[in-house]
Every structure is written in C-alpha cells, then in structure tokens.
Amino acid sequence: MVIGIIGASISGLIAGKRLAETGHDVTVIEKSRSLGGRLKTVELDSLNLDVGLTHFDVSTNTFGTFVKQQLEKGSVQKWTKDFGLYDGMEVFDIDPNSDSRQRYTGTNGLQSLAESMSRWVDIKSEEQAGGLTYIGPDRGKKRSWMINLTDISVFECDAVILATSAVQAYGLLQTAQNRTESRRIIRHIDDIRYDGCFSLAATYDSQEVPDWKGIECEKSALKWISNESSKLDTDKTALVIQSTPDFYRKHAQKSEEEVKEMLLEEASNIIGSWVLRPQSTHIENWKYFKTKNPINEYFMELELEDAPLALIGDYLGGSSLENAFVSGYNLSEYWNKKYTEVTA
Ligand SMILES: Cc1cc2nc3c(=O)[nH]c(=O)nc-3n(C[C@H](O)[C@H](O)[C@H](O)COP(=O)(O)OP(=O)(O)OC[C@H]3O[C@@H](n4cnc5c(N)ncnc54)[C@H](O)[C@@H]3O)c2cc1C
C-alpha cells in the first residue's frame, strides 16, 4: 500500500519504519523543518540542548527493546544519580536507592532518536497537511485518499495515519467528515485537552557546571530544571528550565522576553543568582505539552475496508514518549498482519 503519515513524531516514525520494512511505500508529511515533534533539540553555543522532552523512563518490553538497541548504538545513555527535589523552600538530594526509576536521555540531543528512524521512509518536511479527501470505492484509477497540502498540491495514498496531537487530528478529520465512522472518532477525540508549558534553554559563560543533573520542583512556577551539560562532554554550563502548566496558562500571552525573565527569576530562587546572567537563550512555547485526559486504547481506526485511516500518538494509551512509541508500534503490528498479505 502507499501510506501517507501526517506528523514526523516518534509515533509516526516508528509506525512508518515498521510498515516500510514489510514492503509498504511510506511517506511522512511534516509541517516543520525538523523531525521529532516534541522531541526537539536546539543548538546553542555549539551545544545540543533538549527543549522538548529532556529524559524518559521505560516500563514496557516493546519500548524497552527499542531503548536497549539505542543504548547499544550509543544514541541513548542512562542518566543516573544526582537528582534533586525543590520543595518550595530548599533543594534536597533525591536518594538514588529510594528512586527506582531508571532515567534515560540522548547522547547528543533526543531529536536524533527520531531522525535515526527516518531513513526507512520518504520525508516531505515543511509540508503542512490542510485536509483529507476520501475518494472511496468508485474511484477509477485513483487511490482511496488525497492528503491536501497547504501549498495546494496533493498526496494520493491508499491509507492515512494521523500521528499528530489530538487537536490537529480533529481538524484534519473534520475535513473528511463525510462518513458516520469519522464522526464517531471526532466525537471521541473532541474531549481531549492539553496542558501547555514553556521551555527555556540557557548557556552560561565562565560558570562552573552544577554537580546535579536535574531538579524536580514543587510549589514553584517551575516544573523541572535540567542540567543539560551533564548529558554532554562539555565544561560549559547549559540548562533547560521548564515551567508548570499553571504558569503557562497565566502567561501564555506575554512576550518571550517577559516570560524569559520570569523563568530566570524563579530559577535564581532555586539555584542561585548566577542564573540571571545567561550568555545565550532560546525559548520554546509548547501549546500541546501533555494530554490531560488520554484515551484508554493505543490507536483508533476508521473501519473502512477500502480506505484505511488510523490515529496514533501519545494521547492514545497515556501521555508519555513511551505511549507515543507503543501507539505507533502497535498500529504497525496490526496493519502489517492485516494488509501485508494483500500487497505481497
Ligand atoms: C517540554 C516537554 C517535556 C516533556 N517531558 C516528558 C517526560 O518527562 N516524559 C515523557 O514521557 N514525555 C514527556 N514529554 C512528552 C513527549 O515528548 C511526547 O509524549 C511525545 O514526544 C509525543 O509524540 P507523538 O508521536 O504523540 O507526537 P508529537 O511529538 O506531538 O508530534 C506531532 C508531529 O505532527 C506534526 N504535525 C501536526 N500537524 C501537522 C499537519 N497538519 N501537517 C504536517 N505535520 C503536522 C507536528 O509538527 C509534530 O512534528 C514532554 C514534552 C514536552 C514538550
């Protein structure tokens, strides 16, 4: 089958890779220049800093096997010990013996995880899907679906996978809303809500690298401070400071400069006034940071025999990187059984 996947996210890329491995012709359409979605790494003063997800843990065999392969390849590393907890007053060391979670991170930015999966598929980056047209069975030689791109070209395919946030999938499905089936799914995902957050990356000149790796924050406008230098082979200090969803709700309309100053001010209360004097900064506004109310199934599918369409992503099955991965993996497993014999 010719499969069009909208969204070069972790869910879209793992699904695309596995479907391409069994002979399907897969093209991934991505509106941004870079791949990875919320796995986003920016280069600041020659350091690769994670302004999306900064680390993750593993609880399923499906994701665990993938992470083990990435550890062997050297693109992922274990990120252990030396984490702190800020309780609104002071920072405590988290006892590594009481915290059984194994944290993982990239060796040179987590976006490269997504990029490593992209060589199995064709990528159309900087191409935004604006709508879907269902062609249906009376279509002569045409394929079942047309993905309408915002540059007014179209991509014709036999099957579509929406690997975007629920809000973006909702918008795309609305355009194809000529079937009872799509209305059922639309009703289901209409209820899904997201929290937002800001991420601020900052580098420092002539500042000793802190001896902690990350600080979880409570009773603060900050959720998490990541010592990005501790992931890299560098003696230059680089942090990523993440806001809480509450902070985002209150300040989403403020200018980047105002948000940056407020985040630095908060961080200075926790780790010291040196934070107020960064060398370089980059701020990222995440409107869809995490799903508040995920759906309890890993993927959803339109039951159209002649025109497969499925939804995947982290809002299906949970709201983590691992859920996004398992969502894409499980759909590819299912479609590979369902459709590969037909195409073979
Ligand atoms: C700051 C931050 C911190 C996080 N921390 C953690 C954490 O500690 N632990 C954890 O497990 N998870 C964390 N996450 C969440 C994790 O990153 C996500 O769950 C996961 O990356 C989501 O992947 P996804 O496959 O669902 O899609 P996404 O990463 O959301 O990607 C969707 C893609 O679709 C593209 N797209 C959307 N619409 C269109 C369109 N119309 N046409 C073309 N392309 C389109 C987007 O550009 C994007 O690339 C964090 C996320 C952020 C932002």
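In this predicted model, an oxygen atom of the ligand comes to 2.6 Å from an N or O atom in the side chain of Asp314. Polar contacts here are pairs of N or O atoms within 3.5 Å. The protein covers 92% of the 1,000 Å² of accessible area that the ligand has on its own, as given by the Shrake-Rupley method with a 1.4 Å probe.

Around the ligand stand 33 residues (each with a heavy atom within 4 Å), and Ser11, Glu30, Arg38, Asp314 and Leu321 are the closest. Sorted by class, this shell holds twelve nonpolar, 15 polar and six charged residues, where Asp, Glu, Lys and Arg count as charged, and Gly is among the polar ones. Helix 1 (10–21), strand 2 (25–30), strand 14 (194–204), strand 18 (280–291) and helix 8 (321–343) each contribute at least two residues, and strand 18 gives the most, with three. Helices (H or I, at least four residues) and strands (E, at least two) are DSSP runs, numbered from the N terminus. Because domain 1 (2–37 + 115–192 + 293–343) and domain 2 (55–109 + 194–291) both give residues to the shell, the ligand lies between them; the domain bounds come from an automatic or database assignment.

Pairing requires at least two DSSP bridges between the strands. Leu85 has Glu216 as its bridge partner in strand 15 and stands opposite Phe92 in strand 7. Strands 6 and 7 form a hairpin with four residues between them, and Gly88 in the turn has a positive phi of about 100°.

Aromatic pairs, with ring centres of Phe, Tyr or Trp (its six-membered ring) within 6.5 Å, number 16. The rings of Phe63 and Phe325 have centres 5.1 Å apart and planes at 55°, so this pair is tilted, as planes under 30 degrees apart count as stacked and those over 60 as edge-to-face. Since Phe63 belongs to helix 2 (residues 61–73) and Phe325 to helix 8, the pair ties together parts that are 262 residues apart in sequence.

Residues are numbered from 1 along each chain as its sequence is written, and side-chain values use heavy atoms, without hydrogens and water. Local features need pLDDT of at least 70 and side-chain atom pairs 80 or more, while totals for chains, interfaces and linings use all residues.

Key:
A polar contact is a pair of N or O atoms within 3.5 Å; within protein, one must be able to donate a hydrogen and the other to accept it, and residues adjacent in sequence count only if both atoms are side-chain atoms.
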